[in-house]
Amino acid sequence: MEADRIHQLQNKGLIDCYWNRVDNPGTIWNSENVLSHYLPNLVLQILLVVSATRLIFWILRPLHQPHFVAELLAGFVLNIYVPILNSTLLGIALPIKGLLAFESIAQLGIIYYVFVTGLEMNLETVSRAGKKASTIAIAGTLIPMILGFVIYVLVAKTFVKNGEFNTVSAYFLWSLTISMTSFPMVAHILSDLKILYTGLGRVALTAATINDFINWAMFIFLIPLIVNGIRGILSVISTIFFVLFCRCVLSPPLNKILIKKTNQNEWDLYQLSYVIIGVFTCATVTEFLGTHSVVGALVFGLILPRGKFAEMLIEQSEDIGSGYLAPLFFANIGVRTEVLPVLKGNFILVIFIMIVLISTKILSTIVATRFYGMPIRDSMALGMLMNTKGVLSLIILNIGWDRKVISKEAFTIMVFSIFFMTVIVAPIINAMYRPRVTYEQNKLRTIENLKSDSEIRIMACVHNARQANGMVNILEACNGVNVSHVRVFALQLVELKGRAAALLVAQLDQQQQKESHILDQSSETNNYSSNHITNVFEEYSSNNANTVVENLVAMSSYSTIHKDIYNLALEKQASLILLPFHKQSTVEGSLEITEAAVKDINRNLMQDVPCSVGIFVDRGHHASLFKIKMRITMIFIGGPDDREALAIAWRMSKHPWTRLTVVRIFLCGKAAEVNSSGYDEGQGLLAAILDSGKQKELDEGYLGSFRLKAVNNEDSITYAEREVYAGEDIPELLNELDRVGCDLYILGHGKGRTSLVLLNLLEWADCLELGVIGDMLASDSFGSNSSILVVQQYGFGGVEFNTNHSSHKAHSNNDDLESFSQ
């Protein structure tokens, strides 16, 4: 009779049978030989899942999808082969018999994954959250839960027979899953889209943190009751005592030991293994208490110290934990999902239910944000971000599957909804916030085109305290007595590496950025540097009544941090971005490379800029302008960059302690020959001459206005003209100017110039981001001791840099300007 029942269940697809040879007949180890079957299959399974996950992630990378989507999609792909495992090669790697070990190791992976999440979370954000973020988080939790009860009525009537899963526990578990928002997923999506530091990003991060905190609290309180009924009250009470024990008793001495060993650099892989043992010990305790193993892992992650220890631990262990073990859990969820059976019979209804599930968070967020007057576009974008699900929602569904609380149809519908909720967020947000489109309206926001009484917005980027001192010197020069207000955004650039980058960034909310302890998760050295940078800019602001300073921090990989600068400049509507040069002055007066990555950051930003850009070569003139007279020499050859540089120098000349000399260089004779290779064949030399003539007309108009309004009315401003006839005349003229002496050279980068002489000299330039003249002045062989500010004007295209000088070119977005290549 039992054999017949098993055969019937097997035919219905409800049970799978396999042979198990017992090699150890003892009462304790009564099982098959692990080394001959389970271990080889487990290695194949891990390689298969990880390979599929990474391939899918690589394919989806242009869509800015997180690893979560690729891991879940890999499970769906593998699920397609489950009915025919025994007739395919895939059955060798994923036999029914081997799925037991697969699921067991997957649980270890998710325990570590949740531990890292706890290690990266910052619960202080919850206590500091404002009313807006708190309202959005609470509304985004309660309203979807209420709607979830209604939606499950439809699911239960359609997919559940005989009322088997029509229970109170099923309703609560379903509704709890809908209310989830994954803070890690939101942080990674915002970081990938480079809108982490925008107003939308800060509100989304804070609201997601609060929502995630509420979700975990409900998980601890409700899951034991859902699974065990009234007996779960004891599990909840005992878990609360365990959390208090970890926080009040275990955390203080443990943190003291860990911080001491980290500061002394005494860690090795063997000692770090004790920390991992602590993770699984806490996980075992909460599993024994009747809550769930991931609760213990989360609590242990929350009580450990942040900063250098957390970064070191994640860096050492994330490859095996997040790279190989955690994907097994997501793949296991995908394998469990009954994709085809559920979609075949009720495709239209399933799609309708998924749309309703996706809409609940969006509608609740729109309702909450309307009280604060948030634009509808931002409300919808925030609702999409709050819809992002993560590991906790899948853990809840997994519990419902294991404990037979929900049906396989309800499980499949919810997993599919979670998948599509997360998939659609990044592309839609990216389409809604296209910075190039929104900034076209402000195309004339350059220094040259600003009105004299308009507020000037400058974003000063620094990597260390020394650069901050130099930037303040330039900013102070822009504060004349009779000029408009200056709003400075002091942006500290911090490099972060690895998986934790986005989450560590997300710990910085707007309030933290205004405080001096903006890098409290970093080392003491970084703390000192950050505090010093903040103090430098705050002191500058206090000494200038018409200046407002806002301290900001951008934490990202140096390969993509230019996108953060770009988006921040867009949001703040900056007219000028000041960037530090990648070389700094030594005691001997020469320039040496301090960090090569800074050069790449500058070049990446100059290729695609939202406003004008200035690169500051600092040679150490850090004395206050209120104590010395600054001598500025502006070199004008022609073109949009030179006009922007002249506009900046003109503004600086209004400072009472500044003397400005403008030297206009005329290209005559052979030096006046133009390059026509960048034009179409039908246009040729004539087009080059016409374009050069148009630029000369613009130059004459702006210079004429400057001479009329400034030179004739100010004793501190002088104007001179020089002529050059060949390439060798330019270095001689620069040497002549340098012998006169000045503290700061201001000049344009030179994009758009058509002179063959200048283009030929460009081949010999070492620092293409400084242009021809800037590279000469910055060269150690030139011997100058003056600082340099090289300006690139927005609205005439970015500069394209190639690895060799011969392929260096600058291109224009304006049809009237020329693209030149060398």
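Phe330 is buried, because its relative accessible area is 0% and the cut-off for burial is under 20%. Phe329 has 1% relative accessibility, so Phe329 counts as buried under that cut-off too. The model examined here is predicted.

The protein chain has 822 residues, of which 56% count as buried. Its secondary structure comes to 31 helices and 15 strands.

The mean pLDDT is 75, and 76% of the residues reach 70 or more. Strand E4 (residues 576-580) has the highest confidence, with a mean of 91. The lowest value falls in strand E15 (residues 820-821), where the mean is 30. Over residues 803-822 the pLDDT is below 50. Beyond near neighbours in sequence, the model still gives this stretch 64 contacts. Residues 1-14 also stay under 50. For residues 1-14, the model has six contacts beyond four places in sequence.

Aromatic rings were examined next. The structure holds 15 aromatic pairs. In one of them, the ring centres of Trp216 and Phe219 lie 5.7 Å apart, and the planes meet at 70°. Planes over 60 degrees apart count as edge-to-face, so the pair of Trp216 and Phe219 is edge-to-face. Both residues belong to helix H10 (residues 199-228). They are three residues apart, about one turn of the helix. Trp216 and Phe219 are both buried. Another edge-to-face pair is formed by Phe329 and Phe330, with 5.7 Å from centre to centre and 80° between the planes. Ring pairs also build a cluster, which links Phe149, Tyr152, Tyr171, Phe172 and Trp174.

The largest nonpolar core has 189 residues. Those with the most contacts inside this core are Phe115, Trp174, Phe219, Met459 and Ile577. Trp174 is in contact with Gly148, Ile151, Tyr152, Val155, Leu357, Ala410, Ile413 and Met414, leaving aside neighbours within four places in sequence. A second core is separate and has 49 residues. Val486, Val488, Ala490 and Phe616 are among its members.

With neighbours within four places in sequence set aside, Ala490 is in contact with Ala460, Phe537, Val549, Glu550, Asn551 and Leu552. Ala490 and Ala468 are 22 residues apart in sequence. The C-alpha atoms of Ala490 and Ala468 are 8.6 Å apart in space.

Two serines were also examined. Ser182 sits in the loop between helix H8 (168-178) and helix H9 (183-193). At a relative accessible area of 8%, Ser182 is buried. Ser182 touches Asp212, Thr388, Lys389 and Gly390. Ser417 lies in helix H19 (residues 408-432). Ser417 has a relative accessible area of 0% and is therefore buried. Ser417 touches Met354 and Leu357. Leu357 is also in contact with Trp174.

Strand E8 (residues 630-636) and strand E9 (residues 658-667) run parallel and are joined by seven bridges. Within this pairing, Arg631 has Arg659 in E9 as its bridge partner. Together with helix H27 (residues 640-652), E8 and E9 make a right-handed β-α-β unit. E9 also pairs with strand E10 (residues 717-724). Those two strands run parallel, and eight bridges join them. Here the bridge partner of Val662 is Tyr719 in E10.

Technical notes
Residues numbered from 1 in each chain as written. Predicted model: local features only at pLDDT ≥ 70, side-chain atom pairs only at ≥ 80, totals over all residues. Heavy atoms only, no water. Phe/Tyr/Trp six-rings, centres within 6.5 Å; stacked < 30°, edge-to-face > 60°. Helix = DSSP H or I, 4+ residues; strand = E, 2+ residues; numbered from the N terminus. Buried < 20%, exposed > 50% of the residue type's maximum accessible area, 1.4 Å probe, protein only. Contact = heavy atoms within 4.5 Å. Core = buried A, V, L, I, M, F, W, Y, C linked by side-chain atoms within 4.5 Å. pLDDT = per-residue confidence, 0-100. Pairing = 2+ DSSP bridges. Right-handed = clockwise from strand over helix to strand, strands pointing away.
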